[in-house]
Amino acid sequence: MTKLSKPIWCFFGAVALILGIVGIVLPLLPTTPFILLSCACFSRGSERLHHWLISHPRFGPVIVNWQEHRSLSPVVKKRALVMIVLSFAFSIYMMPLPAVKSAVGVMGVVLFIWIYRLPEREAIAPYEESGKI
């Protein structure tokens, strides 16, 4: 990896993290995918930032659970499904064209089914506390 690529990975990781944090308060912006993306970018750009993110008490368990088991905790899964229904219903309501409403509806159903079918597993403690560092 070149010297120039690490700062670029860190930049995109920071942007994804900011979008994920903003997504906590904005219902139309998903949090978890952006946090997972930031973790992937930080793993290529900065070991320190990657370690900080997976050790974070709020984000770490979700990331570790996804990386190790490709699963979500029941609480995260339930919140995701509720937010999908609310945000897609609002989006469909606001769309002026029937064709766009249909396309958004199909995307919402596909996303809902995909999340619903993911395995559930309780999140584990961040890496620092579980002795995996």
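Me: Is Cys10 buried or exposed in this model?
Reply: Keep in mind that this is a predicted model. Cys10 has a relative accessibility of 19%, and the cut-off for buried is under 20%. So Cys10 counts as buried.

Me: Which cysteine sulfur is nearest to that of Cys10, and how far away is it?
Reply: A search of the whole structure turns up 0 disulfides, and Cys10 is in none. A pair of sulfurs would have to be within 2.5 Å to count. The nearest cysteine sulfur to Cys10 belongs to Cys41, at 9.0 Å.

Me: What about Cys39: buried or exposed?
Reply: Cys39 is in no disulfide either, with the sulfur of Cys41 as its nearest, 9.4 Å away. Its relative accessibility is 1%, and the cut-off for buried is under 20%. So Cys39 is buried.

Me: Which element gives the most residues to the largest nonpolar core?
Reply: That core has 9 residues in all: Leu17, Ile35, Cys39, Phe42, Leu53, Ile54, Phe59, Ile63 and Val64. The elements that give two or more of them are H2, helix H3 (47-55) and H4. The top contributor, with 3 residues, is H2.

Me: How many residues does the other core have, the one with Trp66 in it?
Reply: This core lies apart from the largest one. Among its members are Trp66, Leu72, Val76 and Leu118. Its count of residues is 7.

Me: Which residues does Ile63 contact, leaving aside its neighbours within four places in sequence?
Reply: Ile63 belongs to the largest nonpolar core, and it is one of the buried residues of H4. With those sequence neighbours set aside, its contacts are Ile35, Leu36, Cys39, Leu53 and Ile54.

Me: Are H2 and H4 roughly parallel or roughly perpendicular to each other?
Reply: The axes of H2 (residues 32-45) and H4 (residues 60-69) come within 10 Å and cross at roughly 75 degrees. Angles from 65 to 115 degrees count as roughly perpendicular. So H2 and H4 are roughly perpendicular.

Me: How many charged residues are there in the contact of H2 with H4?
Reply: On the H2 side we have Thr32, Ile35, Leu36 and Cys39, and they meet Val62, Ile63, Trp66 and Gln67 in H4. By class, 6 of these residues are nonpolar and 2 are polar. As for charged ones, there are none: the count is no charged residues.

Me: Is Val62 buried or partly exposed?
Reply: Val62 sits in helix H4, where it touches Thr32 and Val76, not counting residues up to four places away in sequence. Its relative accessibility is 22%, while buried would need under 20%. That is why Val62 counts as partly exposed.

Me: How far apart are the C-alpha atoms of Val62 and Leu72?
Reply: Along the chain, these two residues are 10 apart.

Me: How do H5 and H6 run, roughly parallel or roughly antiparallel?
Reply: Helix H5 covers residues 74-94, and its axis comes within 10 Å of that of H6, crossing at roughly 175 degrees. Anything over 145 degrees counts as roughly antiparallel. So H5 and H6 are roughly antiparallel.

Me: How many nonpolar residues are in the contact of H5 with H6?
Reply: The residues that meet include Leu81, Ile84, Val85 and Phe88 in H5, and Val104, Leu111, Phe112 and Ile115 in H6. By class, there are 3 polar and 3 charged residues. The nonpolar count is 13.

Me: Which residues does Phe112 contact, leaving aside its neighbours within four places in sequence?
Reply: Phe112 is in helix H6 (residues 98-117), and it is partly exposed, with a relative accessible area of 28%. Its contacts, sequence neighbours aside, are Leu81, Ile84 and Val85.

Me: How many helices and strands does the chain have?
Reply: From the N terminus on, the elements run α-α-α-α-α-α-α. That comes to 7 helices and 0 strands.

Definitions and conventions: Residues numbered from 1 in each chain as written. Predicted model: local features only at pLDDT ≥ 70, side-chain atom pairs only at ≥ 80, totals over all residues. Heavy atoms only, no water. Axes fitted to C-alpha atoms, helices over the stretch in contact; angles between N-to-C directions. Helix = DSSP H or I, 4+ residues; strand = E, 2+ residues; numbered from the N terminus. Parallel < 35°, antiparallel > 145°, perpendicular 65-115°, else oblique. Contact = heavy atoms within 4.5 Å. Nonpolar A, V, L, I, M, F, W, Y, C, P; charged D, E, K, R; others polar. Core = buried A, V, L, I, M, F, W, Y, C linked by side-chain atoms within 4.5 Å. Buried < 20%, exposed > 50% of the residue type's maximum accessible area, 1.4 Å probe, protein only.
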